[in-house]
Amino acid sequence: MLSLNLSTASASSSTVPFLPKPLFAKSSFNGIQLRPRSTCSVPLSCSGTRTAAASVVMMAKREEEMKEIRQKTTDQINEEVVELKGELLMLRLQQSARNEFKSSEFRRMRKRIARMLTVKREREIEEGINKRLSRKFDRQWKKSIVVKPPPSLIKLREQEAAEEAAAAEKAASSS
């Protein structure tokens with residue numbers, strides 16, 4: 001048995017005994033204790049990891065997307081990055097307003113932006129632009145960006161304008 005001496009401000013000491021924890025939990029059952037069986041029969045399929053076929057398909061989609069991005073010019077990549085960042089902002093606004101939105105879109109857009117910036121950086125490396133100069137170019141590029149509404153907001157405004165025009169036309173024809 002272990003003991004611990006505690007001293008307090010009143011100069012009185014007391015001993016507190018500490019018993020070691022038992023290795024096995026006490027129970028009224030003296031036989032062999034079995035662990036509960038898992039609900040799945042194949043441990044790999046329910047462990048949360050993707051199967052090999054699913055990961056191959058995902059990788060093929062990514063490779064296809066990277067080929068598509070690499071075919072674009074650097075200016076096109078810059079424009080699309082700006083548009084995607086605007087879309088990401090719109091998603092955040094929808095989330096803060098508690099509107100309906102697909103939460104998977106956040107990850108998808110962030111990944112697409114990262115892929116585009118990766119291709120852009122690969123091209124800079126091929127040209128021999130070092131990291132410091134690349135950051136300088138990025139700052140200049142960010143300052144030159146003209147703020148414009150993202151494509152989803154433009155579509156939404158066009159739909160609202162079409163609805164208003166239809167409503168005005170309907171009101172004019174009924175008068």
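Between which two helices does the loop that holds Arg98 lie? Arg98 lies in the loop between helix 2 (74–96) and helix 3 (104–127), where helices (H or I, at least four residues) and strands (E, at least two) are DSSP runs numbered from the N terminus. The model is predicted, so that local features need pLDDT of at least 70 and side-chain atom pairs count only at pLDDT 80 or more, whereas totals for chains, interfaces and linings use all residues. Residues are numbered from 1 along each chain as its sequence is written, and side-chain values use heavy atoms, with hydrogens and water left out.

**View 1. Overview of the protein chain.** The protein chain has five helices and two strands, and its elements run β-β-α-α-α-α-α from the N terminus on. Of the 175 residues in the protein chain, 18% are buried (buried means under 20% relative accessible area, exposed over 50%, and partly exposed in between, with a 1.4 Å probe and protein chains only). Among contacts (heavy atoms within 4.5 Å) between residues at least 6 apart in sequence, 52% join residues at least 24 apart.

View 2. Arg98 has a positive phi of about 60° although it is not a glycine. Most residues other than glycine have a negative phi. With a relative accessible area of 75%, Arg98 is exposed.

**View 3. The largest nonpolar core.** A nonpolar core is a set of buried Ala, Val, Leu, Ile, Met, Phe, Trp, Tyr and Cys residues joined through side-chain atoms within 4.5 Å. The largest such core holds 13 residues, of which Ile77, Val81 and Met116 touch the most other members. Helix 1 (52–70), helix 2 and helix 3 each supply at least two residues of this core. Not counting residues up to four places away in sequence, Met116 touches Ile69, Lys72, Ile77, Glu80, Val81 and Leu84.

**View 4. Helix 2 against helix 3.** The axes of these two helices come within 10 Å and cross at roughly 160°, the axes being lines fitted to C-alpha atoms, for helices over the stretch in contact, with angles that run from 0 to 180 degrees between N-to-C directions. Helix 2 and helix 3 are therefore roughly antiparallel to each other (angles under 35 degrees count as roughly parallel, over 145 as roughly antiparallel, 65 to 115 as roughly perpendicular and the rest as oblique). The crossing of helix 2 and helix 3 is left-handed, a term used if the near helix is turned anticlockwise from the far one by less than a right angle, with right-handed used if clockwise. Residues of helix 2 including Leu84, Leu88 and Leu91 belong to this contact, as do residues of helix 3 including Phe106, Met109 and Ile113. The residues of the contact of helix 2 with helix 3 divide into 11 nonpolar, three polar and nine charged, where Ala, Val, Leu, Ile, Met, Phe, Trp, Tyr, Cys and Pro count as nonpolar, Asp, Glu, Lys and Arg as charged, and the others, Gly among them, as polar.

**View 5. Helix 1 against helix 3.** Helix 1 and helix 3 pack at an angle of about 50°, with their axes 10 Å apart. That makes helix 1 oblique to helix 3, and the crossing between helix 1 and helix 3 is right-handed. Arg62, Glu65, Met66, Glu68, Ile69 and Arg70 in helix 1 meet, in helix 3, Arg112, Arg115, Met116, Val119, Glu122 and Arg123. The contact of helix 1 with helix 3 has, by class, four nonpolar, no polar and eight charged residues. Leu117, found in helix 3, is partly exposed with a relative accessible area of 34%; the C-alpha atoms of Leu117 and Ile69 are 10.0 Å apart in space, although these residues are 48 residues apart in sequence.

View 6. The axes of helix 3 and helix 4 come within 11 Å and cross at roughly 130°, which makes helix 3 oblique to helix 4. The crossing of helix 3 and helix 4 is right-handed. In this contact, Lys120, Arg121 and Glu124 of helix 3 meet Lys131, Ser134, Asp138 and Trp141 of helix 4, and the residues divide into one nonpolar, one polar and five charged. Asn78, placed in helix 2, counts as buried at 11% relative accessibility, and Asn78 touches Lys120 and Trp141, not counting residues up to four places away in sequence. Thr73 lies in the loop between helix 1 and helix 2 and is partly exposed, with a relative accessible area of 43%. The C-alpha atoms of Thr73 and Lys120 are separated by 9.2 Å, with the two residues 47 residues apart along the chain.
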